[in-house]
Amino acid sequence: MNSRRPAIGCGWRRLGAAFTLALLPAVDARPAENLVANPSFETAGADGRAPDAWSSAGNRSVRQDLAADTGPDGRRCARLRCTEFAGSGPDVHAMLCQTGRIAVKAGRWYRLAFRARAEAIRGGSVEVALTNTRPWENAGLADGFVADDGWKPYELAFQAVHDVPAATSRLQFWFRGTGTLWLDDVELSESAVGREWFPQIPLDGAANPVPNASFECGAAGWGSIAHGLRGWGGNLYRLAGTIDDRTAAHGRCSLRIDLDRASLPVHWFDYYDPIRDPVPNALAANLGWFRVTPGEPVTLSAWLRAAAGGTPVHLAVVEAPDRRRHRTVIAGREWRRESFTVRPSQPFLFAAIGPDLDAEGARSNATVWIDAVRLDRGAAPADFAPRAPVESWLAPRADGGFFTNVAAGLAFTVEAYNDGDAPAAADGRLVLTDFFDREAAAREVRIETPARGAARRAESGLVPGRPGFYRAAWIAGGVTQTVRCALIEPHAAGTDTFFGFNHAYPWDFLVQRAQAAGVGWWRDWSAKWQTVEPSSGRVDYAEADAQIDRVRRLGGRVEVLLPFPSAAWSSAADPARVAAEARDSAYLRDRMTVAWAARDPAGFDRYAAATAARYAAGPAPVTHVQLLNEPVYTSYALPRQFGYGLDDYLRLLGSAGRAIRAAAPSCRIVGGISCNLDHDLAREFVERGGLDLVDVVDLHNYDTPRPAESHEEAFRDFEALGRAHGGPKPVWITEWGCYADDDPPARPLPVGDAAMNRCRWPGEREASAHIVKYAAVAAGRGVRKIFFHAGTCGAINGQDAGGVLFEYGGAPRKMLPAVAAFERLVGVPAGCEGVIDADALHARVFRTRGGAVAVAWRTKNRGGPLATGAGVRACDIMGAAVPPDAEGRIPLDDSPVYLAAADPAALLALLPAATAAGAEDPLRKIGFDTAALDDDGLRGPPDGRTSLSYEFAIPDTDACKAQVRAIDPKVQFMPGSRGRIGAGPGECLCVGTTRRGHRGTLSRLAALPFVTRIIECHFE
């Protein structure tokens, strides 16, 4: 939910390719003891209603009831029903939990399985965690799932990060809002199967398990890894070497790696301390994990030579997830074979070989050639042989499979090598599948190769004119290799974009590639007060300048974040309280120190004004500065745990904002609590005048997977709240989580911390659809920027889902062309002309640079065609044209489509259920002063505050009553009474009373189309 330290292992993945080899899962033969008491809820508690050993938990403002019910097998299950929900905060939830029963040990793996169903829970989103209640911290399980009205099985795996004694444990299932959750057959047991790493390469079954071991098929199957880099698991993200066909120990090719201290690649990162590290080592690493037997010797060998004698080279193996073990050897001018034997402690490892300028005896530069790599069981290498007599590999002709000429389509090269003594043919099949996993093209390919020689064949002109995501599969010799590709129309340079990233990618080519896809904004953390003024009066912007200027030089737009209200030397922090909170974490100690206000608040104003003025100048001026990250809400800035509150942030925002506007009049102030939009603090910020202090309101959102349209209510209420308090103002979501990986490096898939992990979607197709639909819902209610969290990457074969758009080597995920299509067709909309949420149809109609565009979809499993009209063209989620059928209809399901026309009216005519965005504000239906009511729905003098009764009329039908009852279960229905509202024939008088949460209740009631007026009830 903020700029965090993800739990990144060695971190990186694919050269844009994966090859399908045997998967050999470990088998846990031990009987598993269920650590959960009363797991099937068959035993009743003392009250005879609720199940024994289970309880509900939550704030008193939440009305919930836990009882036994009938499960899927006709026996008992647990049912948690929440009928009233108001407020926000860590304890505002409906929760079913088991406390004081479950002990886990740090480092051990566990499996949680259960069955669940739900009704009327917003989006069906439920969270699950195992918590240590003293001290209060997550034990390693923090996840979420989506439940619907049918019983489904769920299974989660996790590794305990702390020892948790049974007495302080809490296994918890919870949701935020009204609704009902049923749970049954809960099993939590220790598992001998830990994290599995992929793709897996067995050591047996081939002459040499290393694919493309002598580089005769180019660089396929290889990337690079470095060590000693700082930052969030960052690492070399593509091959740092070239194929040399002039020297080889085997065949005709080798891999050449050049390093020179005068021109080393630079690894960048802007948090916590700005990083720009030259990379003095680059080791070639194979793609994929070799499955080995722990404790048994494995030998890595390779032929090496160097441009200069006495060149140190590392032979290394990396054990999952990131333990590097190596031997340093000395390469000379002649080819020589070297080897390294290791007894692995883990069942997964990969090989890495290359020079290190920091190694003892290294010069300021090195050129090294690598060839004939082999991995063997045992303590000695066997004679070199390639993996197979004939090998062939597919490579995209655009780097990383990133194609930007839509008219030309995709192009590939197939390279084949024959190690035999006679000519041979490499026969294979090239199959192209699209975003929807449908076959888009297929070709049979035959390559004639000479004895001890290579050949190649070019395949081009595939899917011309069809932008989107494609996976090219090359099937030959019993091995399937896949290559990811994106075909997009590049974003016009200089055009504003809707999407951005919190933190710029550490490598320039990723920033440029993201910008070509329409991600043009980068939220930068480097100009924090401690960095630019490390001691009083010693001002030095060099590090922040380097970070910000780098992104501007690459054509990006920077939002400069001033995340903390003090520097270490200016902080009012109490060291003892900081130490108690940070415990043994030096990082938290440093960060929490600068989270306190400055002893002299005017010092922050001076720093903020000087920073804004510095970056507002120049050829690519910074136009937006954000004041503090997650103030009050978390421990980042002015946290409640140290006694700060909203008043403290509003004072700082007002004072520093005035200083910035005076020093840099062109700068816009971004501010807000940086929390979810339905959090109490977000609402209080607006109600207390926060909109008067900012130009843009900031929010953060890390939700479990749930339908995008389920966010509409919260966005609508927040927009209405802003309109009632001096707004609305544009909204930026400067941190947003949405992650998926169809080729996971490990199972369970790690993303980052607990907040990031709960934003995992089951696949890239689902995540792509959610990005587009969520962006449409948000943009329809005033959001004008969404920044993904975060621009990070790691190491080959490790996790990288947190980087959202890319696999290793810059190969695209499905989300990248989905973002590119949204930016090309919608971009930053000029306005929303219509909001449609009727039955199973959802759509948002926007005015855009090119006219008008609607984003439309149907609720899952309720699809049906949609009629189009003259002058309307349709595109799928990838931006590819969707031709209408003979009756002028296009298919419409849960994957969003774009409808484009010259004018919004043409689109609104296709969507007759549309509610015009300019229509009467539903809150105007309320005929009394809601501002006179406090948070508990009370008004009047301090010694006599009372609630307010209100009335309205609805059609006297069961369906309308059910909708009202779902919003306010306490509403009284009085059919036959007219009331002051004047309920007529066929109408039912409804009477309600304000209480805590009344703002949301009234807003939702007023939004009902059959409610025309809500007035105060005097019971006359």
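**Exercise 1. Determine which residues form one aromatic cluster together with Phe501, and classify the pair that Phe501 makes with Tyr505.**

Solution. The model is a predicted one, in which local features need pLDDT of at least 70 and side-chain atom pairs count only at pLDDT 80 or more, while totals for chains, interfaces and linings use all residues. Residues are numbered from 1 along each chain as its sequence is written, and side-chain values use heavy atoms, with hydrogens and water left out.

Step 1: rings of Phe, Tyr and Trp (its six-membered ring) pair if their centres lie within 6.5 Å, and planes under 30 degrees apart count as stacked, over 60 as edge-to-face and the rest as tilted. By this rule there are 45 aromatic pairs.

Step 2: the ring centres of Phe501 and Tyr505 are 5.0 Å apart and their planes stand at 50°, so this pair is tilted.

Step 3: Phe501 belongs to one aromatic cluster with Phe498, Phe499, Tyr505, Trp522, Phe715, Trp736, Tyr774, Phe788, Phe806 and Phe822.

Step 4: buried means under 20% relative accessible area (1.4 Å probe, protein chains only). Phe501 counts as buried because its relative accessibility is 0%, and Tyr505 counts as buried because its value is 1%.

**Exercise 2. Classify the pair of Trp596 and Tyr644, and locate both residues in the chain.**

Solution. Step 1: with 6.0 Å centre to centre and 85° between the planes, the pair of Trp596 and Tyr644 is edge-to-face.

Step 1: helices (H or I, at least four residues) and strands (E, at least two) are DSSP runs, numbered from the N terminus. Trp596 lies in the loop between α5 (586-593) and α6 (601-616), whereas Tyr644 lies in the loop between β38 (624-627) and α7 (646-663), so that the pair links distant parts of the chain, 48 residues apart.

Step 2: both Trp596 and Tyr644 are buried.

Terms used: Buried < 20%, exposed > 50% of the residue type's maximum accessible area, 1.4 Å probe, protein only.
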